[in-house]
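Hello,

Here is the structure I said I would pass on. Please look through it first; my notes come after it.

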Amino acid sequence: MDKFYRLCCSCLMTLAFFLGGCNNEKSEIPTFLSLKSPIIEFVPATGSTKQNVEDYWLYVGNDLLGVFSPGQVAPVIGEGMKDLSIHPGIRVNGIRDNAIIYPFLEPFRSSLDLCACAEVIDIQPLFKYKPTAKFSFIEDFESNNSFTEDLDGSNLTSATIQNTNVFEGDYSLMLNVDEVNRDNQITTPLYYTDIPLDSRDVFLEFNYKSNLNFAVGLDAKILGADPVYNFGIYLSPEWKKMYINLTDLIRESNAEDGYRIAFRLVHPGGSSTEKGFLYLDNIKLVHY
């Protein structure tokens, strides 16, 4: 009898071990999230909905699961209801390695019931501008042109609204240069004084297309100061979205009387490029 009792106990312990092992195996079977391309929700007075969200910063609860690209599948370990948030990621100043969460778009939030059964769930994040985002200006060139101030002093270079090469809508702005009239610099007549100087985020968004490299800078309203072109942008034969982070530059310069954005296109001379063009669309200066 005692021998039979010990045998039964041994069997029960072995059974419990295997059952526990099965449970552990099940808990490590992921639920798969198929991450679809984002939708950008229209918000009045924020301009174009076109964004270039290249990364999804995926959080489960308060833990960062990883950074994924739209179109990828993300495995999530666990069971039961979990809070999910996806933060939109961009590349700053045109630098591939400078990847951040874009601070002006709200993260997508949802709750998921994880089954630990290899189920595939489609997720299509919806992003929109945060209600606290402020815009010094939004220029889409559809009914106006804010960039009319000529900084290069030449009447033979121009920045004109045209409708033959457009990213969105009916019109965009075109800057031109050639081997004789090599320098084209343009800005706005207005200096914007609502830009924060205290390290709050300040970004410039725009779409562009160009057959030459060009520069973007700040013109601070300081007596005798010239525009400083801090950002060099590579040419792109196709329309491209750019995010320029102006936060540190504005904090360091601390021009209380305001700033304006400047663009500069320079012909290199002696090259095979007879004429240079820069097309601009959907320019936004956004901050908190």
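Is Asn 254 buried, partly exposed or exposed? Asn 254 counts as partly exposed, because its relative accessibility is 39%; buried means under 20% relative accessible area, exposed over 50%, and partly exposed in between, with a 1.4 Å probe and protein chains only.

Before the rest, some ground rules. This is a predicted model, in which local features need pLDDT of at least 70 and side-chain atom pairs count only at pLDDT 80 or more, while totals for chains, interfaces and linings use all residues. Residues are numbered from 1 along each chain as its sequence is written, and side-chain values use heavy atoms, leaving out hydrogens and water.

Asn 254 lies in the loop between helix 2 (247-253) and strand 20 (259-266). Helices (H or I, at least four residues) and strands (E, at least two) are DSSP runs, numbered from the N terminus. Although Asn 254 is not a glycine, its phi is positive, about 50 degrees. Asn 93, also not a glycine, has a positive phi of about 60 degrees and sits in the loop between strand 6 (80-91) and strand 7 (99-101). Most residues other than glycine have a negative phi.

One disulfide is counted, a disulfide being a pair of cysteine sulfur atoms within 2.5 Å. It joins Cys 115 to Cys 117, with S to S at 1.9 Å. The link of Cys 115 and Cys 117 is left-handed, with -80 degrees about the S-S bond.

Finally, strand 1 (residues 31-35) runs parallel to strand 9, joined by four bridges; two strands pair if DSSP finds at least two bridges between them. Ser 34 has Asp 122 in strand 9 as its bridge partner.

Regards
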